[in-house]
Every structure is written in structure tokens, then in C-alpha cells.
Amino acid sequence: MARPNPLAAVTFAALAIVAAGCGSDDQPEAATSTTAAQVTTTTAAETTTSTAPTTTAPASVTMAGQTVTTARLRAIAAGLCEAAQQAGTDVSAAKHTFNTKSHDGLHLIARGLQDIDRPASATLLEAKQKVEGDFSNAAAGEQVATDLRTLSEVTKSGLARFNVSVDACPAT
Amino acid sequence: MRSHPFRTAPMRAGLAVVVAAGLMLSGCGGGDDKNEAKGSADTSTTTAANTVQGSVASYDLAVGPPSRFMFGMYNEGKGAIGYGTAEFKFFFLGASCSGTATGPPAATATGRYLHLDGGTPHTGDTSKPIYLEQKGVYAADVAFDKPGNWGIAATVDIDGGPKEAKSCFKVGEKHLVPAVGDAAIPSQNLTMTTPGAPPEAIDSRASAQTPVPDPELHQTTLAQALAEKRPVVLVISTPTYCVSQFCGPVTDTVADLAKTYSDRARFIHIEVFKNYKATTLQDQLNDAAREWIARGPDVQEPWVFVIGADGKVTARFDNIATRAEIEPLLQKLPKMKG
């Protein structure tokens, strides 16, 4: 390695274990242990319609050491529904949607579940692997759509462990 | 005095080494919520939305000769950063990520972009960093001369000028996982012919209904290959239960290389888990995986090891291993006899 030019004194601020994860909705937070107590939520009143009852839901949750907004988790889940919708007619588009909107987030959710419900993490990763296998093996669109919907349901169940509710995919 | 707040990589409790980039990269370009409020109390430049951030992608860093150091960079609102180069500055921080480091960086290096196998390479100008959907990392060979906490400040030229991301990571006194020069462990890994071996313990993608996808990687034990004095390319990964995102692509890379270079080395895949759902690490891991990579309360994967005919590790790739890195090593090997 080359030796650098002199630099002024550099101060390194302490930041506890934080989520440096790419694209995470991260913020500094205390280290989390690998226990069920890891599921923490930040509640904030969600905007509701004037006719709907006012509900509270977590604005963000901590999973796998990262603080993730509920909106992002819902976007991950919505990506699966979008991909399932596309798969019937365009598997390539479905694959692109899956990879760009949901894939990475599923890894994060699986890691979060790993700490509180390992079997649920396994179920999620297995369902995800099924979809990826479909894409690798050029499965028929109908099969891909079915497996994406299954993955969507598993994801929905997994997110419920973090008190995050997501809509089921609309019926085709 | 210039302030450089460094953030640590996310770490599993009890881990003494930098965590998997998989976790750290787990959100790269994955979200589309570009306008979300972040609500971060962190005032460092590395945490706000629409700024360049970065994470250490290396495992098991230790004092010693230069070895590959990887750093993933991204902008939460714009995606992963790739291509061109990144300039690395390293600062020794001591016992913790807190405190003050004075003077120049302990070392510098230029990170080259490692394009991950399996994605579509960018077809435009790749001489400068750009935003990508496809993830990759910047890598450089770096030597660390003392154990403890280190800081990295990485700079890329993007969005019209230099942008810096920082992180803190640990360097151990010694590697915990077998490293270059160490004797390979003669593991009795599961193979296609191991009596009673569940398919999913041979490869997590397999099951009673789904055959092992790469049977050519499960033909021999490491112990047998070493006894025969064969060079070996060993991948330890769990394609299904991978939280780092890279197990599948890395395993595929090794499987692809096996098709071309099976006359130069034995290619072996050790699945990490025999029972992912078990409650203890002891019960979760395959024995061979435990022998190679279990060094604490958790495991990091994937890994690729290249082992010489003399039974010693000649190259080690943590987390990410590309064809471009492994293939030249295989090309140097003579064809095997017998």
C-alpha cells in the first residue's frame, strides 16, 4: 500500500452497533442481542381515512440490527405481488421486479426472523429459493406466479412477527 | 481538527470480527422508498438519505501480509455504487471505535471494483463510479499491522465530485478461519454416496423431491482429495439459507469452474447446514462446515478456499468470490494425472 499524505488529526466518534446495511433505513441504536426481545417497534399514528378507525402501527421495526421503516417492508411485500401479477404473462419482468424490489429485503426479513423464529426464517428462505429455482429453470409463468404468491403469504406471516401487517396479493 | 465519525458495521452479539457483507449489503438497492423520512439521530455524513454510505464486506480480517479487503458502497436513494475505483484510507482506532486518531492514515489503497458473477455487466462507461442495480464491492489488498479497531474512509468520484463513506471494523491478531499457508482440514464432508445423508444436508437446495443441483461438487471428501494430493477448490455455502445473498452466486461460480477445470482440481461444496431449523449451532451445522468456519456463536458464509496439492491453503475468498479471481489460479495448475 502506498503511504498517504499527512492529514490533520482525525476524530472518530463512537457509534454503537448500527445498521450500516446498504439501503437500510438505519439509525444508531444500541446493540441488540439475539433474543426475542429484539423485536422492537417505534409507534406512530398512521394516516387513516376519515371513515376508518384510527389505528397505530409501527413506523419502523428493528430487525437484524437494522431499523427498517414499515413502508419499506410493505414495499418489499408489494413487490412480490407485483411480480406475481406479471409472471403470468412476462416471467422476465417478474424476475426483474422480484430482484429489484423484493430480493434483498427478503434476506433482511429472513435474518430478522432468524433471531426470533428460526423455523419461520427457514420457511421464508425455502419459499424464496423455490421462486429463484423457478427463474433459474425457466419455469412456466403459472408456476412462477403460484410460487411468488406462496412467498408473499410467507412474507406476510413473517412480517406479522414484527407487528407489521401487509395486504395479501389481490386475486387474479 | 477534522471530525470523522465512523460507524461500525452491524455485528452479531459476541462476534469478534466484522460481520458478513450480506447483512451489510442486505438493503443495497433493494428498496424503492427513496423519499422515506429516515429519522436518524446520527449526524454523520454516512447516515442521511441520499448520501454515499459504505460497509465492510470482509470477514475474519487479521494482522499479516496483504490480503483482500472489501468495501461495499451505495447511496440509499440511488442504489449501489460500482465501477471505477474507490480510494481507501485506513486509520487505527485502538480498543474501540471511539476516540481520536491523529496524524495521517496508517495506510491507503485504491479499491478496484469487483463485479459479482451472475449479473449483467454494465455496457456503458465503466471508468468512473456509477449507480447500479447490480451489487458489487470495491476491493484492495491491504495489510494491517496491529489488532484492534480500524476505521476506513472510502472516497468515490460520483454525483459531480468526491463522496466519502466511513466505517469501523475489527482486525484480529490471527485469522480464525484457515488462511493462506494453513494446512487444509481433512474433513469427511457429505457426498452423494454418503450412506443416509439427507439431500438437504448435501445441498440446501435439494430435498427428497428435488435432486442435488450440482452433484459434481459432491463426489469426494476433502480427506480423500488431500490424501490423493489433489488440488481442491472448496466452497462452503448454503444456497437456500444464505443471509448474505452471495452463497448462490458463489456456489454457481464454483460449479461453472468445475465444468472447465475438473482435470486440474477437485471441486467440493460443503453445505453449511445439516438442519437449519435446529435450536443449537452444534445441531445446525454439518460437521465439515463446523470444522472449517464455526469459530463463535454464529457462522459467516460463503467461503471459497483453493488448496494446493501439498494440502495447504493457497487462496481464500470470504463472502464474495468471482470467476475472475479464481480462474487464474486454476489456469496455473497442471493437469492432474491418474
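## A buried aspartate in a loop

In this predicted model, Asp203(B) has 26 other C-beta atoms within 10 Å and therefore counts as buried, the cut-off being 20 or more. The residue belongs to the loop that runs between helix 2 (199–202) and helix 3 (222–227) of chain B.

Leaving aside residues up to four places away in sequence, Asp203(B) touches Val212(B), Pro213(B), Asp214(B), Pro239(B), His269(B) and Glu271(B). Lys274(B), which stands 71 residues from Asp203(B) in sequence, is placed 8.8 Å from Asp203(B) in space, taken from C-alpha to C-alpha.

## Backbone geometry in the loops of chain B

Most residues other than glycine have a negative phi, and most peptide bonds are trans. Against that background, Asp60(B), although not a glycine, has a positive phi of about 55°, and its place is in the loop between strand 2 (52–56) and strand 3 (67–75) of chain B. Asp60(B) is buried, because 24 other C-beta atoms lie within 10 Å.

Tyr83(B) is likewise not a glycine and has a positive phi, here of about 70°; this residue sits in the loop between strand 4 (79–82) and strand 5 (85–94) of chain B. With 22 C-beta neighbours inside 10 Å, Tyr83(B) is also classed as buried. A further feature concerns the peptide bond between Glu301(B) and Pro302(B), which is cis, with omega at about 5°, and Pro302(B) is found in the loop that links helix 6 (287–293) to strand 14 (303–307) of chain B.

## Chain B as a whole

The secondary structure of chain B amounts to seven helices and 15 strands, and buried residues account for 53% of its 338 residues. When contacts in chain B between residues at least 6 apart in sequence are considered, 71% of them join residues at least 24 apart.

## The two domains of chain B

Chain B is divided into domain 1, covering 21–171, and domain 2, covering 199–331. Between them, 15 residues of domain 1 of chain B are in contact with 14 residues of domain 2 of chain B. On the side of domain 1 of chain B that touches domain 2 of chain B, the element that gives the most is helix 1 (residues 21–24) of chain B, with three residues. By class, this side of domain 1 of chain B is made up of nine nonpolar, four polar and two charged residues.

## A helix pair in chain A

Two packed helices are described by the angle between their axes and the distance between the axes. In chain A, helix 1 (residues 70–87) and helix 2 (residues 91–116) pack at an angle of about 165°, and their axes are 8 Å apart. Because of this angle, helix 1 of chain A is roughly antiparallel to helix 2 of chain A, a class that takes in angles over 145 degrees. The crossing of helix 1 of chain A and helix 2 of chain A is left-handed.

Helix 1 of chain A brings Ala75(A), Ile76(A), Gly79(A), Leu80(A), Glu82(A), Ala83(A), Gln86(A) and Ala87(A) to the contact, while helix 2 of chain A brings Val91(A), Ala93(A), Ala94(A), Thr97(A), Phe98(A), Lys101(A), Ser102(A), Gly105(A) and Leu106(A). Sorted by class, the residues of this contact between helix 1 of chain A and helix 2 of chain A comprise 10 nonpolar, five polar and two charged.

Methods
Residues are numbered from 1 along each chain as its sequence is written. Chains are lettered from A and ligands numbered from 1 in the order in which they are written. This is a predicted model: local features need pLDDT of at least 70, side-chain atom pairs count only at pLDDT 80 or more; totals for chains, interfaces and linings use all residues. Axes are lines fitted to C-alpha atoms, for helices over the stretch in contact, and angles run from 0 to 180 degrees between N-to-C directions. Helices (H or I, at least four residues) and strands (E, at least two) are DSSP runs, numbered from the N terminus. Angles under 35 degrees count as roughly parallel, over 145 as roughly antiparallel, 65 to 115 as roughly perpendicular and the rest as oblique. A crossing is left-handed if the near helix is turned anticlockwise from the far one by less than a right angle, and right-handed if clockwise. Two residues are in contact if their C-beta atoms, placed from the backbone, lie within 7 Å. Ala, Val, Leu, Ile, Met, Phe, Trp, Tyr, Cys and Pro count as nonpolar, Asp, Glu, Lys and Arg as charged, and the others, Gly among them, as polar. Domain bounds come from an automatic or database domain assignment. A residue is buried if 20 or more other C-beta atoms lie within 10 Å of its own, exposed if 12 or fewer, and partly exposed in between; C-beta atoms are placed from the backbone.
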